[in-house]
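Have a go at each one before reading its solution.

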Amino acid sequence: MTESAQRSTSHVVIIGGGPAGLMAAEVLAQAGIKVELFDAMPSVGRKFLLAGVGGMNITHAEPQAAFLSRYGARRPELTALLSEFGATQLREWIHGLGIETFVGSSGRVFPTDMKAAPLLRAWLKRLREQGVSLHTRSRWLGWNPDGSLRIAGVDGEHAVQADAVLLALGGGSWARLGSDGAWLPLLAERGVALTALQPSNCGFEVAGWSPLFADKFAGAPVKSSAISLDQQAPRLGEFVVTRTGVEGSLIYALSAQIREQINSQGSATAYLDLLPNKSSAQIEALLRKPRGSKSLSNHLRSQLGLEGVRAGLLRELTDAASFADLGLLASAIKALPLRLVKTRPLDEAISTAGGVPFEALTAELMLRQLPGVFCAGEMLDWEAPTGGYLLSACFASGRAAGLGMLTWLQQRAVD
């Protein structure tokens with residue numbers, strides 16, 4: 001079969017209208033392939049849009065080695081994808097949609113207007129112009145005995161044939177936006193080895209705040225602090241106290257390590273540094289200054305600026321003996337033990353770990369167990385912190401899967 005014949009007859013189906021699915025659709029449509037994309041939600045890109053509320057962090061501008069290190073145990077697999085379509089290429093692609101970007105003070109990359117909606121609108125317009133057919137309110141239910149896809153739409157169930165299929169169904173968080181993990185049993189029935197989904201970039205629960213502390217400080221941000229785990233170098237940032245525990249960017253940065261420690265040991269102890277810009281010796285020297293008739297609380301506030309939620313955490317997590325010894329109190333301020341006992345529910349997490357392991361896929365992201373069926377995006381077994389890393393890998397994996405599908409179709413045409 002000639003390439004022109006392939007262009008006129010090949011038909012692929014993409015299940016899932018997030019960044020990975022849409023990127024694969026663009027790759028395929030540019031090659032002249034007929035593309036139909038199905039999404040269960042009333043519109044595509046719903047999680048993408050919600051992620052952009054408050055500022056669309058699309059990728060990160062840090063050096064490549066540091067960037068790739070954010071992918072932890074799956075760094076080798078993600079390096080193969082991101083080396084072809086990394087932060088620089090993603091920004092150039094966005095610029096091609098007529099959307100300019102800028103690098104923030106933290107190295108995070110944003111569209112100039114900070115919004116996701118204009119980017120998505122421009123992208124969908126281009127995809128429609130390229131001939132991509134988008135079908136919303138259309139849920140994939142698995143396969144029929146003849147190998148066709150079961151698609152349930154508003155007017156009932158239909159059988160859809162395809163020369164190749166991409167599954168880009170997301171993980172298991174934010175089910176109301178479409179990432180509900182309903183695809184796991186469908187693949188398991190076909191013999192695909194899967195890894196259980198777990199929360200990533202998630203909040204954690206403590207053994208239990210005192211009612212007084214929870215009532216007073218739930219929802220309070222803890223700024224200018226640091227956290228460490230397993231004697232690692234402390235990470236600077238901020239987090240939020242919740243009624244059941246803690247959440248926020250500083251917690252998310254260590255969520256994978258905290259979660260795995262809870263899985264293996266039943267709990268994890270993180271150490272909070274309430275004054276990262278002062279040494280323990282400096283803190284102790286300030287504490288030992290005469291306080292006259294001032295209470296210790298007022299002394300902490302006047303000498304160290306410890307008040308509000310940070311002072312509350314110190315009271316909540318420090319025993320009476322430490323408060324009676326200024327040396328111990330200074331040590332507690334620098335390394336306040338925070339015992340975490342469980343993750344918050346999966347559906348509350350920003351993202352998930354687990355899903356389809358790379359070992360179940362070819363280098364082109366095709367399922368070894370199901371030739372012609374490819375996977376991309378968050379349904380693959382990888383995780384990364386917030387900061388643009390999640391979206392970057394979703395875009396890169398979608399592009400790689402689209403290219404893999406092209407190779408598959410070309411090989412079939414030759415055979």
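**Exercise 1.** Is the crossing of α2 and α17 left-handed or right-handed?

*Solution.* Keep in mind that this is a predicted model. Start with the general idea: two packed helices are described by the angle between their axes and the distance between the axes. Here, the axes of α2 (residues 19–30) and α17 come within 7 Å, crossing at roughly 35°. Now for the hand: the crossing of α2 and α17 is right-handed.

Next, list who meets whom. The α2 side brings Pro19, Ala20, Met23, Ala24, Val27 and Leu28, and they meet α17 residues including Leu391, Phe395, Arg399 and Leu406. Sort the residues of this contact by type and you get 12 nonpolar, three polar and one charged.

**Exercise 2.** Which residues touch the most other members of the largest nonpolar core?

*Solution.* That core has 88 residues, and the answer is Trp140 and Leu187. Helix α17 (residues 389–414) supplies the largest share of the core, with 13 residues. Zoom in on Leu187: leaving out residues up to four places away in sequence, Leu187 touches Trp140, Trp143, Leu167, Val192, Leu194, Val356, Leu367, Leu370 and Met379. Another core, of 43 residues, lies apart from the largest one, with Ala220, Leu229, Ile251 and Val309 among its members.

**Exercise 3.** Is Ser10 buried or exposed?

*Solution.* First locate Ser10: the loop between α1 (3–9) and β1 (11–15). Its relative accessible area is 7%, so Ser10 is buried, the cut-off being under 20%. Finally, check the neighbors: not counting residues up to four places away in sequence, Ser10 touches Ile33, Lys34, Asp163 and Leu409.

How values were computed: Residues numbered from 1 in each chain as written. Predicted model: local features only at pLDDT ≥ 70, side-chain atom pairs only at ≥ 80, totals over all residues. Heavy atoms only, no water. Core = buried A, V, L, I, M, F, W, Y, C linked by side-chain atoms within 4.5 Å. Buried < 20%, exposed > 50% of the residue type's maximum accessible area, 1.4 Å probe, protein only. Helix = DSSP H or I, 4+ residues; strand = E, 2+ residues; numbered from the N terminus. Contact = heavy atoms within 4.5 Å. Axes fitted to C-alpha atoms, helices over the stretch in contact; angles between N-to-C directions. Left-handed = near helix turned anticlockwise from the far one by under 90°. Nonpolar A, V, L, I, M, F, W, Y, C, P; charged D, E, K, R; others polar.
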